[in-house]
Amino acid sequence: MAHDLIIKNGNVIDGSGLPGFHGDVAVSGGRITDVGKVSGNARQVLNADGLVVAPGIIDNHTHYDAQVTWDPLCTYSCYHGITTVVMGNCSLAMAPAHREDREMLAGVLSHVEAIPLEAIQAGVNWSWETIPEYLDALDQRLGINVAALVGHSAVRRYVMGEDSQERHATDNEVAAMKIIVREGLEAGAIGISFERNLRHFDWNGRLAPTNLASEEEIFAVAAVADEVGRGVIQFGGDRSISTKLAKASRRPVFYGNITQQAVAPEKWRKQLMEAENMMRQGHRAYQFVMPRPGDLRYTLKTAQHFDAMATWKTVMLLPLEQRKELFRDPATRAKLHFEAVETPNNPSRAGDFTRRWDLQFVFQPALQKNQHLKGKSVAEIAREQNKDVLDAFLDLALEENLETEFERREVNSDEVAMKALLTSPYTVIGQSDGGAHVVFRTDYSYSTYLLSHWVREKEIMSLEDAIRKLTFVPASLFGFSDRGLVRPGMAADLMVFDPTTISPLEPGEAQDLPGGAKRRKQLAQGIEWTVVNGQVLMERGQHTGAYPGKVARSTSPAQPLP
Ligand SMILES: [Zn+2]
């Protein structure tokens, strides 16, 4: 039998969590047709000797809604083994959209998700009005698969116009919203997204429409998923409404994320327990964990996180020469020491300096002679130099003209916490916000980071478990019944990689958004091929030119098999 594609001699890790095994994977017509010892020939044969063959990764929380229309690969997610993304999160979407609401929808997506407005304005060619029309437009040309949630803010704006950002909805308006949501779900949208976040505005300072909804409205609109019998609910920002929804709804609810924070060391335990309790009671209420550290790099030229301490604030606001002088001055140093070393921590303010000198690392020394300090913590350097921590910190920075790059690792970096969170059956790995916060963040690299840092280097979980959490788990929870496993009959979304080298690369800057705006760019190494619906999309970090992606639509369980 002739196949379209055979991937030969790989270590097949099929997404189920079962141990990997040596075998081939055959693909025809976009689907996996055989796994094991495959006979026959194929139009294309890939030799996966020494490589892992796994399902493609499903990123369950992104904001590619606008970007995907000019960039059907959804860069830079496609460089990290990701073959399907879920967008339409946090109530924000590009459909439905009346012509006169386009500017508002682009503006609120841009402002809330930190996507340059000029990129959306220059890049999006609005050819749709309704959700079905938007999904069909996307289906014309996709590199990876995209799945869309119906965004409540977009629906509310569509029904209520300007009033959507000013008042509660009438019963008739709620009924009209429900019709649009149903139309979206029936066209293949995979759920509905809402949000409560009183800091989420459009460019005119008005709240995103979903924030004006009463609890009754949210429950009525969310109930459409129950009525249709499929679709998930994503709810950003309000734990109490979310857990109530999870208890009332028959649908899975995704809300919030659990982070380990040095500033509040016990918080993650409480949140994990809450997630466990909800699920032990039988509610499908899921919280995300992001494997990447919330690391922050700084030099003493620009750091802001010392600003909550009075002397520090004064010194850090001075011109550089004066600042250096005061860093050298013993009397000032004593005050800085009192504030940053002797004063007990006030854990209530996230973002403030925690006084955890063991979590301040030298990321990049400026001078050749100091390169041996790279990767060491300030506490460690102080011990080696037999100095006080503050002296070690300031002496190094002064010697290097304040150009030493430090890195603060206070979020999602503690090994004990991260092992508990990432391996818990009650958490979901993800929430990268791919396509959003493009100037600073690269959390779309969470997959390659998990596989390199937590699996290979720290060995907190098996490769099989990590792959299951990146593929089969999100496929199951978000309703992609034909993705997330390497099994005959499944869509042929595959990632072929070298487990000994896979990792994200150092981020850099790119100027590749429409209109010329810049963004942060992070690629990966160690992925040989990414296959989407049976076609090779990426080969060693290069796009092959294929556009095999599809809108991943939810289908009714009652539909007959093809
Ligand atoms: Zn989001």
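**View 1. Arg 409 over the ring of Phe 361.** In this predicted model, the charged end of Arg 409 is placed over the ring of Phe 361, at 3.9 Å from the centre of that ring.

**View 2. A stacked pair formed by Phe 194 and Phe 235.** The structure contains 15 aromatic pairs, among them the pair of Phe 194 and Phe 235, which is stacked, with 5.9 Å from centre to centre and 25° between the planes. Because Phe 194 belongs to strand β10 (residues 191-195) and Phe 235 to strand β11 (residues 232-236), the pair ties together parts that are 41 residues apart in sequence. Phe 194 is buried, its relative accessible area being 0%, and Phe 235 is likewise buried, with a relative accessible area of 0%.

**View 3. A tilted pair formed by Tyr 76 and Tyr 79.** Also one of the 15 aromatic pairs of the structure, the pair of Tyr 76 and Tyr 79 is tilted, with its ring centres 6.0 Å apart and an angle of 40° between the planes. Tyr 76 has a relative accessible area of 3% and is therefore buried, the cut-off being under 20%.

**View 4. A cluster of linked aromatic rings.** Ring pairs join Tyr 298, Phe 306, Trp 312, Phe 327, Trp 357, Phe 393 and Phe 406 into a cluster, in which Tyr, Phe and Trp residues are represented.

Methods
Residues are numbered from 1 along each chain as its sequence is written. This is a predicted model: local features need pLDDT of at least 70, side-chain atom pairs count only at pLDDT 80 or more; totals for chains, interfaces and linings use all residues. Side-chain values use heavy atoms; hydrogens and water are left out. Rings of Phe, Tyr and Trp (its six-membered ring) pair if their centres lie within 6.5 Å; planes under 30 degrees apart count as stacked, over 60 as edge-to-face and the rest as tilted. Buried means under 20% relative accessible area, exposed over 50%, partly exposed in between (1.4 Å probe, protein chains only). Helices (H or I, at least four residues) and strands (E, at least two) are DSSP runs, numbered from the N terminus. A charge sits over a ring if NZ of Lys or CZ of Arg is within 6 Å of the ring centre and within 35 degrees of the ring normal.
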